[in-house]
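Please read them with the coordinates open.

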Amino acid sequence: MGLTVEHLTYQYSIGTPFQKTAVDDVSLTIDDGEIIGVIGHTGSGKSTLIQHLNGLLKPTSGRILLDGQDIFSDKSDLRAVRFQVGLVFQYPEYQLFEETVYQDIAFGPKNMGLDGDELDRRVMEAAHFAGVHDTWLQKSPFELSGGQKRRVAIAGVMAMEPKILILDEPTAGLDPHGRNKILGKIREYHEETKNTVLLVSHSMEDVANFADRVLVMNEGKVFAYDTVENVFRRSEELKAIRLSVPQITNVFHQLAEERYPVPSNVYTVPYAKKKLLELLGKGEQHA
């Protein structure tokens with residue numbers, strides 16, 4: 001299920017002294033099965049952009065096409081769009097409200113008209129994907145820790161089986177263990193379902209380790225939309241717009257400045273290890 005954004009512009013407070021363009025003439029295509037990392041500093045337009053992708057916000061101008069169909073056309077059913085494009089907001093655990101974890105995960109599928117065995121299948125599969133233990137299902141969600149609640153909230157969107165899953169800062173506020181747990185579960189979900197995933201994150205390391213392509217937003221515009229390798233190769237340009245790059249990328253750039261023969265496109269620790277071992281091996285051969 002492909003998603004295309006055509007010349008999307010969104011302005012708010014139009015006609016007032018507070019008028020602002022939050023997204024400015026953005027065009028991009030997201031192919032089936034991709035993992036896209038979305039980065040940008042606060043106010044860059046990334047959160048506004050993703051809220052257009054399932055119709056929560058309507059463009060001032062431009063179009064959002066889901067499988068070639070304008071989601072805001074007269075014939076479109078926005079409710080159906082939101083079942084196909086699932087959005088997990090930042091700090092989604094604050095939206096839990098049912099008496100049990102099971103009921104919270106089941107809320108979306110019930111709204112789709114599902115019940116019985118199909119509802120139960122979706123709840124159990126989503127719980128598995130999100131790392132929600134069976135022993136939690138009959139508990140109140142308010143008995144769980146912050147990281148556990150986060151997984152329940154993510155499972156609630158997964159249970160609708162959207163073809164495109166958008167996660168806005170899914171690891172915000174979590175400790176390293178909680179962050180790694182959730183990212184690992186999202187990776188497993190993608191590997192098993194082959195569905196498209198958009199991950200909005202402030203962590204360059206998370207994006208580098210997780211994404212196929214990276215969308216960089218700056219001042220409402222697309223600054224870059226390319227492979228992880230090509231985006232982080234532009235580290236000086238990213239720093240100029242107040243974005244960081246993975247720490248390992250900085251290390252390799254410093255090595256390059258010291259005239260060590262290292263590549264400029266290193267963005268993960270395993271790749272860095274591979275390249276250093278290759279370099280050391282070459283050095284031994286020349287010794």
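The points below cover the basis of the model, the domain interface, selected residues and the salt bridges.

1. Basis. This is a predicted model, in which local features need pLDDT of at least 70, side-chain atom pairs count only at pLDDT 80 or more, and totals for chains, interfaces and linings use all residues. Residues are numbered from 1 along each chain as its sequence is written, and side-chain values use heavy atoms, with hydrogens and water left out.

2. Domains. The protein chain is assigned domain 1 (3-228) and domain 2 (246-287). These bounds come from an automatic or database domain assignment. Over C-alpha atoms, the centres of domain 1 and domain 2 lie 35 Å apart.

3. Interface area. Domain 1 and domain 2 bury about 390 Å² between them. Carbon and sulfur atoms carry 66% of that area. Buried area here is the accessible area (1.4 Å probe) that two parts lose on being put together, summed over both. On the domain 1 side, Glu205, Ala208 and Val228 lose the most area to domain 2, together 72% of what that side buries.

4. Interface contacts. Contact (heavy atoms within 4.5 Å) involves 5 residues of domain 1 and 4 residues of domain 2. How many salt bridges cross between domain 1 and domain 2? The rule finds 0. It asks for a side-chain nitrogen of Lys or Arg within 4 Å of a carboxyl oxygen of Asp or Glu. There is 1 residue pair in polar contact between the domains, with both residues at pLDDT 80 or more. A polar contact is a pair of N or O atoms within 3.5 Å; within protein, one must be able to donate a hydrogen and the other to accept it, and residues adjacent in sequence count only if both atoms are side-chain atoms.

5. Helix α7. On the side of domain 1 that touches domain 2, helix α7 (residues 204-210) gives the most, with 4 residues. Helices (H or I, at least four residues) and strands (E, at least two) are DSSP runs, numbered from the N terminus.

6. Lys185. Buried means under 20% relative accessible area, exposed over 50%, and partly exposed in between (1.4 Å probe, protein chains only). Leaving aside residues up to four places away in sequence, Lys185 touches His128, Phe129, Ala130 and Gly131.

7. Asn230 and Arg233. Asn230 sits in helix α8 (residues 228-232) and is partly exposed at 28%. Its side chain makes a polar contact of 2.8 Å with that of Arg233. Arg233 also forms a salt bridge with Glu229, with the closest N and O atoms 3.4 Å apart. Asn230 and Asn265 are 35 residues apart in sequence but 7.2 Å apart in space, C-alpha to C-alpha.

8. Salt bridges overall. The whole structure holds 16 salt bridges. Glu6 and Arg63 form one of 2.9 Å, N to O. This pair links distant parts of the chain: Glu6 is in strand β1 (residues 3-12) and Arg63 in strand β4 (residues 61-66), 57 residues apart. Glu6 is partly exposed at 28%, and Arg63 is partly exposed at 36%.

9. Glu278 pairs with Lys274 in a salt bridge, closest N and O atoms 3.0 Å apart. The two are about one helical turn apart because they lie 4 residues apart in helix α11 (residues 269-286). Elsewhere, Glu118, Arg121, Arg122, Glu125 and Glu161 are linked in a network of salt bridges.
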